[in-house]
Amino acid sequence: TTLKKISLTRLENSSDNQDYFDATDLSLDRLIDLPESGIGALVLDSSRGKVRLDRLFAIQTNVISGASGLENRLDLRGDFSRFENLCSKARSGITTIEGSVGDRFARSQQGGVILVDGSAGAEALVDKQEGQDAND
């Protein structure tokens, strides 16, 4: 069995600290089959136009062979309070967020495990169907 771990660490770009982002496509299910360069090339809509993920995050992927019994993982680090719809419709794997999350976080989550070490915005986990969640 092959396991993939994706880490996105928020870059401290003062120019986009006040922007809002539609992070609907920012979930493990959307990123898992992409190479690191493909993840960086993904574009999010923001309050000032489109922006590539590699302008917002330091991106690292690791593939581990022979990892039976483990699940794919997405680790997010930084302030995500201005990222609306983050992990929207998540279906599988483990997602950890070290930082605050924005409005409509994990909206319509259908499965998987999501752990947040921070605060959550309005309507977090609305229409959650299955899976587990923990919010410290």
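**Entry 1. Confidence**

I note at the outset that the model is predicted. Strand S10 (residues 132–135) has the lowest confidence in the protein chain, with a mean of 46, whereas helix H2 (residues 36–41) has the highest, at 96.

**Entry 2. The nonpolar core**

I next examined the largest nonpolar core and found that it has 30 residues. Leu-8 and Leu-31 are the residues with the most contacts inside this core. I listed the elements that each supply at least two residues of the core: strands S1 (2–10), S5 (57–65), S6 (73–77) and S9 (113–117), together with helices H1 (28–31) and H3 (53–56). As background I wrote down that nonpolar side chains tend to be buried together in soluble globular proteins.

I then turned to Ser-7, which I placed in strand S1. Is Ser-7 buried or exposed? Its relative accessible area is 8%, so Ser-7 is buried, the cut-off being under 20%. Leaving aside neighbours within four places in sequence, I found Ser-7 in contact with Ala-58, Ile-59, Gln-60, Asp-75 and Arg-77.

**Entry 3. The S3–S4 hairpin**

I checked how strand S3 (residues 43–46) relates to strand S4 (residues 49–52), and found that they pair in the antiparallel sense over four bridges. A hairpin through two residues joins S3 to S4. For Val-43 I recorded Arg-52 as the bridge partner in S4.

I also noted a salt bridge between the side chains of Asp-45 and Lys-50, at 2.6 Å from N to O. I compared the accessibility of the two partners: Asp-45 is partly exposed, with a relative accessible area of 38%, while Lys-50 counts as exposed at 64%.

**Entry 4. Other salt bridges**

How many salt bridges does a search of the whole structure find? I recorded six. One of them joins the side chains of Asp-54 and Arg-52, with an N to O distance of 2.6 Å. Asp-54 counts as partly exposed at 34% relative accessibility, and Arg-52 likewise counts as partly exposed, at 37%.

I then looked up the salt bridge of Arg-77 with Glu-98, in which the closest N and O atoms are 3.9 Å apart. Arg-77 lies in strand S6 and Glu-98 in strand S8 (residues 94–98), so this pair ties together parts that are 21 residues apart in sequence. I recorded Arg-77 as partly exposed, at 27% relative accessibility, and Glu-98 as partly exposed, at 46%. Last, I traced a network: salt bridges that share partners join Lys-5, Arg-73 and Asp-75.

**Entry 5. Cross-reference**

Definitions and conventions
Residues numbered from 1 in each chain as written. Predicted model: local features only at pLDDT ≥ 70, side-chain atom pairs only at ≥ 80, totals over all residues. Heavy atoms only, no water. Core = buried A, V, L, I, M, F, W, Y, C linked by side-chain atoms within 4.5 Å. Buried < 20%, exposed > 50% of the residue type's maximum accessible area, 1.4 Å probe, protein only. Salt bridge = Lys/Arg side-chain N within 4 Å of Asp/Glu carboxyl O. pLDDT = per-residue confidence, 0-100. Pairing = 2+ DSSP bridges. Contact = heavy atoms within 4.5 Å.
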